Amino acid sequence: MLEEVYFTLNSLTGKKVVRNIQFLSVELYNILVFVHGLTSRIPNEIDNLLKLESLGLVENSLSGSIPVGIFNISTLRMLDLFGNHLSGVLPSNMCHGLHNLEEIHLGWNNFSGAIPASISNCSKLIEINLDDNKFSGPIPNSIGNLRRLEFLSLSANNLTNNLLNGVLPRSIGNVSISVELLDVGNCVLRGNIPDSIGNLSNLAYLFLDDNSLTGSISSTIWGLQNLRELGLTNISLTGPLPRGLCGLLSLEYLGLSQNQISGSIPGCFSNLTSLRFLDIAFNRLTSTLPMSLWDLKGLIHLNLSSNLLRGPLAPEMGELKNLTKLDLSNNQFSGKIPSTIWKEKLHHGLVSWIKLQYLSVRTPPLFNLSKLEILALSYNSISGKIPKEILNLSKLKYLGTPFNHLSSSMPSTVSNLEFINPLGNRLSGNLPVCRSPTSLIQLHLSYNQLNSQILSDLSQQSFNLKLLSIKSSNIMGSIPETMCYNLPKLEELYTGNNQLFGQIKANLCRCSSLRILLLEDNNLGGSVPRELGNLTVLQ
């Protein structure tokens, strides 16, 4: 007699698989169907499976509401409908018949209405996941009665769908001390962080991001010694960074960006030796960086951008040997970029993302970071030429050096770059030869002193270029007839304020994806080709 059905990791599609569930044995106690293309609705007859313990129909394309009969299967322990197109409201008495339910996963659907207060009648619940739906109303106080709960996630995953417009109830601190995860990010919550959160002594993951909470960071959090990840991004926090944070010795992730935190970074942050991710961007931090910050040898991601931090950058920052992402942009640092942060022997070539924009730093360093993918050095005082070592980095995808004092000629070759932006420098010369021209998507060369043949250079190679900007760059010559043959995917072309002459060629209509075409302030003559009217997306 059939007791279990597993269709995991197959490619079943259509409606019949779902419809035929109703004909399965009443002795069946497990149905698990993960990652398929199943469509249709869940059949009402599923409540005939009186001994069903686990129902998993994850990441399909099921629609409609949950059959009411499912809520009467008293043997059900796990209900996992994550990642479908299900909708409707949850019954107000949803737990009347689900006395044995331990896990309910309804995230990434389109459920609406209130979270029923009767959810507390599922007294054996260990995991609740209602992420990314359209629930409205308050978080029920009754959730505090779930004494076995370990995992509670109500967040909208930053998609602004969950509208649990209310406060985080004090009763949240009454749930089981076994709770390890609490995620109520992006739920339009307001008010203060309740002190009762401090009762959740086993909490390892706390995410309150993207709400309208007010005040400073609640001191009750300092007692949560098992915290590994703390997300407090964009919740209107004010005041200084409390020293109490330094006592969370298990902390690996700390997200505090997009608040109004002021003052300095406490020197005692060096106590957080487990910290891997630190993001305090877009706040009002002042003062210099404490030297003890560079003692956090385990840091992988450091983002202190868009504050009011000042002073020189210490050579000791090069001791962060595990760092892969660094953003110190839009501060008031001064002096030189320490050469220690570029030495491969210190980083094992792991750095993939560096942003040092809007600083008063100078001197481009020697680059040996073989894993570097993003390098942004805009709005600084960097002078000299672009080192060829940068453009030969095989992993580099994004190079942004606009509005510096770079001069000399353009490098002769580039590697696998997708985005090149040295806009607003003093560069001259020809277009570099791309070793992988199909990888280049955006090329920003405006406000330089380029060679007049650069458009002809573009006509010598085939590109997947979508954006070309060469405004105010002293370019002469005509628009090559073959340009659109070699730039078939071009969407934006900016050539204004140069010395282009000749006629606008009808061949431009072969750039069929062209949305923006700016040719102003040149010496072009003749009439505008009627064929350009065939560019239906042209703005």
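Let's start with E492, which is buried because its relative accessible area of 15% falls under the 20% cut-off. In this predicted model, E492 forms a salt bridge with R515, and the closest N and O atoms are 2.7 Å apart. E492 belongs to strand 43 (residues 492-494), while R515 sits in the loop between strand 44 (499-503) and strand 45 (516-518), so the pair ties together parts that are 23 residues apart in sequence. R515 itself is partly exposed, with a relative accessible area of 25%.

## The chain as a whole

The protein chain has five helices and 46 strands. Of its 539 residues, 52% are buried. The accessible surface comes to about 22600 Å², and carbon and sulfur atoms contribute 48% of that area.

Among contacts with a separation of 6 or more, 51% are between residues 24 or more positions apart.

## Strands around strand 44

Strand 44 has parallel neighbours. Strand 42 (residues 476-477) is joined to strand 44 by two bridges, and these strands run parallel. Here G477 stands opposite L500 of strand 44.

Strand 46 (residues 523-525) also runs parallel to strand 44, with three bridges joining the two. In this pairing, F501 has N523 of strand 46 as its bridge partner.

## Further salt bridges

The model holds seven salt bridges. One of them joins the side chains of R77 and E53, at 3.2 Å from N to O. R77 lies in the loop between strand 6 (63-64) and strand 7 (78-80), and E53 in the loop between strand 4 (37-38) and strand 5 (54-58), so this bridge ties together parts that are 24 residues apart in sequence. R77 is partly exposed at 33% relative accessibility, and E53 is partly exposed at 26%.

R228 and E252 also meet through their side chains in a salt bridge, at 3.4 Å from N to O. R228 is found in the loop between strand 18 (212-213) and strand 19 (229-231), and E252 in the loop between strand 20 (238-240) and strand 21 (253-255), so the pair links parts that are 24 residues apart in sequence. R228 counts as partly exposed, with a relative accessible area of 34%, and E252 is partly exposed at 26% relative accessibility. Elsewhere, D295, K297 and E319 are linked in a network of salt bridges.

## Aromatic pairs

For those who enjoy ring geometry, there are five aromatic pairs to look at. Y253 and F277 form a stacked pair, 4.5 Å centre to centre and with 20° between the planes. This pair links distant parts of the chain, since Y253 is in strand 21 and F277 in strand 23 (residues 277-279), 24 residues apart. Y253 is partly exposed, with a relative accessible area of 24%. Together with F207, Y253 and F277 form one aromatic cluster.

Y398 and F419 make another aromatic pair: their ring centres are 4.4 Å apart and their planes lie at 10°, so the pair is stacked. Y398 in strand 33 (residues 398-400) and F419 in strand 36 (residues 419-421) are 21 residues apart, and the pair links distant parts of the chain. Y398 is partly exposed, with a relative accessible area of 26%, whereas F419 is buried, with a relative accessible area of 15%.

Notes: Residues numbered from 1 in each chain as written. Predicted model: local features only at pLDDT ≥ 70, side-chain atom pairs only at ≥ 80, totals over all residues. Heavy atoms only, no water. Helix = DSSP H or I, 4+ residues; strand = E, 2+ residues; numbered from the N terminus. Buried < 20%, exposed > 50% of the residue type's maximum accessible area, 1.4 Å probe, protein only. Contact = heavy atoms within 4.5 Å. Areas by Shrake-Rupley, 256 points an atom, 1.4 Å probe, with all protein chains shown as cover. Salt bridge = Lys/Arg side-chain N within 4 Å of Asp/Glu carboxyl O. Pairing = 2+ DSSP bridges. Phe/Tyr/Trp six-rings, centres within 6.5 Å; stacked < 30°, edge-to-face > 60°.
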